[in-house]
Amino acid sequence: MKFITINEQGVIDSMRIELPADGRAFTEQESAAMAARGFIPVTDAQWQSIGPDYRFIEGVLLPPAAIPAAQRLEEAKAAQKNGLKNACQDYLLAGFSADALGSDYRYPSQITDQQNLSSAASAQTGAYLWCAKEAEWSLKSHTPAQVQAVRVAWVTYLNAAQQKLVSLMDDVENTTTPEEAAAVVWRD
């Protein structure tokens, strides 16, 4: 028997063929058990016609063209905004540069790195921070002023990324087609 699963918007997110171990047809009870697990049975004709972005809503298979344009646009905007948030997060976690040691060094910015930098800056005693020069990572001693300079560089980097995200989100909101929304992307 052929089954699909759908997400909360009714978009088909998987298709599978299930057969009882002995090769016979599913009983009504077995079909009900599959449905209880989120598997929706479909006919052979439905199975053959399913394509990208098809939906299954209230027992009806809908091709993308049957979905109202306004709904498609709002869903495209939401998906693109989510993608932009993820891209911004990836950018922020990829590290940043600071010249606190007299020349540019690369500093890590994973969550633990951010916490360590914040702790070091709060302590005002100086600290050893991981940094890289030409891809050679080492733990380098930083004076309190150098730690503060790294922190300022981090906050500047963070704020610039946040401002870029807000601008891109506004660009997405101002689009009028799903294709326009999809064209708004994060570029480093």
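Good morning. I begin with E74, which is partly exposed because its relative accessible area is 44%; buried means under 20% relative accessible area, exposed over 50%, and partly exposed in between, with a 1.4 Å probe and protein chains only. This is a predicted model, in which local features need pLDDT of at least 70 and side-chain atom pairs count only at pLDDT 80 or more, while totals for chains, interfaces and linings use all residues. Residues are numbered from 1 along each chain as its sequence is written, and side-chain values use heavy atoms, with hydrogens and water left out.

Which residue does E74 meet in a salt bridge? The partner is K77, at 3.9 Å from N to O; a salt bridge here is a side-chain nitrogen of Lys or Arg within 4 Å of a carboxyl oxygen of Asp or Glu. E74 and K77 are about one helical turn apart, because 3 residues separate them in helix α3. Helices are DSSP runs of H or I with at least four residues, and strands are runs of E with at least two, numbered from the N terminus.

K77 is buried, with a relative accessible area of 6%. The side chain of K77 also meets that of E173 in a salt bridge, at 3.7 Å from N to O. This pair links distant parts of the chain, with E173 in helix α5 and K77 in helix α3, 96 residues apart. At 36% relative accessibility, E173 is partly exposed.

E173 forms a salt bridge with K81 as well, where the closest N and O atoms are 2.4 Å apart. Here too distant parts of the chain are linked, since K81 lies in helix α3 and E173 in helix α5, 92 residues apart. Through shared partners, the salt bridges join E74, K77, K81 and E173 into one network. In the whole structure, a search finds 5 salt bridges.

Now to helix α3 itself. Helix α3 covers residues 69-93, and its end C-alpha atoms are 36 Å apart, which agrees with the 36 Å that its 25 residues should span at 1.5 Å a residue; the expected span is 1.5 Å times one less than the number of residues. Its buried residues include L73, A76, Q80 and L84. Among the elements covering the buried residues of α3 are α4 (111-123), α5 (144-173) and α6 (178-182). After α3 comes G95, with a positive phi near 105 degrees.

Thank you.

Technical notes. Contact = heavy atoms within 4.5 Å.
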